[in-house]
Every structure is written in C-alpha cells, then in structure tokens.
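Trainee: Can you walk me through this one? Keep it simple, please.

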Amino acid sequence: MRKVEVCFSPELIHLFDLEGKIVVVVDIFRATSTMVAALASGVEEIIPFADLEACRLMQDKGFLIGGERNGLTAPGFEMGNSPVAYLDGSYVGCKLAMTTTNGTQAIEKSLKAEEVLIGAFPNLKATVSHIQAQSKDVLIHCAGWKGHFNLEDSLYAGALVKSLESTHESSEDGALAMSMLFEKVGHNLKGFFYLKPPTPSDYKIMVSSGILTFA
C-alpha cells in the first residue's frame, strides 16, 4: 500500500523527500480555493509565481494578474486572491498569473515532486480519483500562514487522508492526527470554522460562495 504524509508548513518541506511523489498543495484561505474557483468559472490557464515582480511582468504577455500580500491586493495588480471574484464568469477564456503570500510559495517549493496538484474542498473528490488512478506516494503540503501551522489547510489534509485510506497508508503522525480531527468535525465544517475562523471576512466569503462545502 502506498503512503500519505502531511507537511504542515513550507518551512518544513525540506524534511520530506519529494521525488517520485504526488504533492497536493493546499491553501484554503485562499489561494488554492481561488484557483479552483477560477478554473471552474472558465479561466483557461493559471501560472503561479512566488515573486511579485515576475508575476507583474506577465501582464505584458496578455495575462490577467492577481497579486496578494498579507491578505490585500498588491499595488498595481488587477485582481487579489478571492474566489468570489471569478464566480460570475467575467474572466472566461482569460489566462491568469497569480502570486500570493503563502500558496504560490508552497507551490514553488513543491516543484521537485513527480506531480503537483492543487487541493481545495470543492475539488476533493476529483483529487482523490486522480491520485487513486496512479500508484504513487502522496505528500499533502499545507501552505499555512507565514511559516506557521494553520487549521483550515491541516483539516483539508485530514479530509484527503481519510478519503485515501483504501489505497494509502497514513502511518505518519501528522496524517493520523488530521484524519482523526476530520472524522470528529468534518460533518460540520462551516460550524467548526465559525467557532474560530482565521479571519471573519475570509469565513464569510468562503461560506457564501460554497467553497467550504464538503461533499
């Protein structure tokens, strides 16, 4: 049986061997949720950048540019990092270059993997199906917040670990702990995050758009 592990922060990714593995990068509030929402709403392509200036230059190549630092739209960027901004279909056919405080940094640090996937609650089932169609170990890379553990990414990791239990062994402590947490609270994600949301504004955005819905 293949293995699934959880890395709780990009600051810890150097402790993991990425070669030959599928890495699932997750930043629920909000980068990976925004990417999933944008693609589902008709955005044609997304290129992530860790660096603001490298991302900004993509505007000259016809890309829509989305830049966020510390939760705020970066100066000179057309878009920030909100999934709701893409839900009305205004950007169908657009190509998007995106840079964020945490999520795109985690993606860049995952590039030595065999494959990098973008994880969010709305595409959880598709992610599980894709992984189980292959025969590779999995590492869930939580973007966290500025190097620190955060709850929403780690709880998603638990949901993915639990969903993979028929094909992937979760013998590592982090994966086991998050799987048990998800078993306890996963039936009521909205209520759980309402008790202690990362920020009230993020919680309202994610719930109103259905991004926190787990099915």
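Mentor: Here is a short tour of the sheet, the helices and a few backbone details.

Mentor: This is a predicted model, where local features need pLDDT of at least 70, side-chain atom pairs count only at pLDDT 80 or more, and totals for chains, interfaces and linings use all residues. Residues are numbered from 1 along each chain as its sequence is written, and side-chain values use heavy atoms, leaving out hydrogens and water.

Trainee: What order do the strands of the open sheet have?

Mentor: The order is S7-S2-S8-S1-S9, five strands with parallel pairing. Strands here are DSSP E runs of at least two residues, and helices are H or I runs of at least four, numbered from the N terminus. Two strands pair if DSSP finds at least two bridges between them.

Trainee: Which strands stand at the edges?

Mentor: S7 (115-119) and S9 (168-169). Each has a single partner strand, so one side of each is left without a neighbour in the sheet.

Trainee: How many bridges join S1 to S9?

Mentor: Two, and S1 (residues 2-7) runs parallel to S9. Lys3 stands opposite Glu169 in S9.

Trainee: Which strands does H4 touch?

Mentor: Helix H4 (residues 124-132) touches S2, S7, S8 (138-142) and S9. Its direction makes about 160 degrees with that of S7. Contact means heavy atoms within 4.5 Å. Axes are lines fitted to C-alpha atoms, for helices over the stretch in contact, and angles run from 0 to 180 degrees between N-to-C directions.

Trainee: New topic. At what angle do H5 and H6 cross?

Mentor: Roughly 90 degrees, and the axes of H5 (residues 151-163) and H6 (residues 173-185) come within 7 Å. H5 and H6 are therefore roughly perpendicular (65 to 115 degrees). Among the contact residues are Leu155 and Gly158 of H5, and Met178 and Phe182 of H6.

Trainee: Which residues does a cis peptide bond join?

Mentor: Phe29 and Arg30, with omega about 5 degrees. Arg30 sits in the loop between S2 and H1.

Trainee: What is the phi of Asn70?

Mentor: Near 60 degrees, a positive value in a residue other than glycine. Asn70 lies in the loop between S4 (64-69) and S5 (72-73). Its relative accessibility is 46%, so Asn70 counts as partly exposed. That term covers values between buried (under 20% relative accessible area) and exposed (over 50%), with a 1.4 Å probe and protein chains only.

Trainee: And where is Lys146 found?

Mentor: In the loop between S8 and H5. Lys146 has a positive phi of about 50 degrees, although it is not a glycine.

Definitions and conventions: Angles under 35 degrees count as roughly parallel, over 145 as roughly antiparallel, 65 to 115 as roughly perpendicular and the rest as oblique.
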